[in-house]
Amino acid sequence: MLNKYYKYLPWLILDAFVSYGAATHYAQTTFDVFYLTTIFLIVYIALLFLHENYLKYRYKDFFTHLLSNSKKDSHP
């Protein structure tokens, strides 16, 4: 099951750095940095699962519909 998520490992590492940077901006104590970094990473991972399980197929349907060559009504 986890084999399909290995391709996202570089993004998760990058997100860890971004989360840490955002947490150091908002935090006042060391515990706040740890807590905010964890919360930001949970949000990134939730968005990853949302994209992988639902949005990827919705994007495909949307762009297929948008870019399809349907017949246009001609107005006289």
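Analyst: T37 is buried, with a relative accessible area of 14%; buried means under 20%, exposed over 50% and partly exposed in between, with a 1.4 Å probe and protein chains only. This is a predicted model, in which local features need pLDDT of at least 70 and side-chain atom pairs count only at pLDDT 80 or more, while totals for chains, interfaces and linings use all residues. Residues are numbered from 1 along each chain as its sequence is written, and side-chain values use heavy atoms, without hydrogens and water.

User: Which residues are in contact with T37, leaving aside its neighbours within four places in sequence?

Analyst: Contact means heavy atoms within 4.5 Å. By that rule T37 is in contact with S19, Y20 and A23. T37 itself sits in helix α2, where V33, L36, L48 and E52 are among the other buried residues. The cover over the buried residues of α2 includes α1 (9-26).

User: How many helices and strands does the protein chain have?

Analyst: Helices (H or I, at least four residues) and strands (E, at least two) are DSSP runs, numbered from the N terminus. The protein chain has two helices and zero strands. Helix α2 covers residues 30-67 and has a kink of about 50° centred on H51; the bend at a residue is the angle between axes fitted to the seven residues ending there and the seven starting there.

User: What describes a pair of aromatic rings?

Analyst: The distance of the centres and the angle of the planes describe such a pair. Rings of Phe, Tyr and Trp (its six-membered ring) pair if their centres lie within 6.5 Å; planes under 30 degrees apart count as stacked, over 60 as edge-to-face and the rest as tilted. The structure holds one aromatic pair. F31 and Y35 form that pair, stacked at 6.1 Å centre to centre with 20° between the planes.

User: Why are F31 and Y35 separated by about one helical turn?

Analyst: An α-helix has 3.6 residues a turn, so residues three or four places apart point the same way. F31 and Y35 are about one helical turn apart because they are four residues apart in helix α2.

User: Is F31 buried or exposed, and what about Y35?

Analyst: F31 is exposed, with a relative accessible area of 57%, whereas Y35 is partly exposed at 45%. F34, also in helix α2, is exposed with a relative accessible area of 57%.
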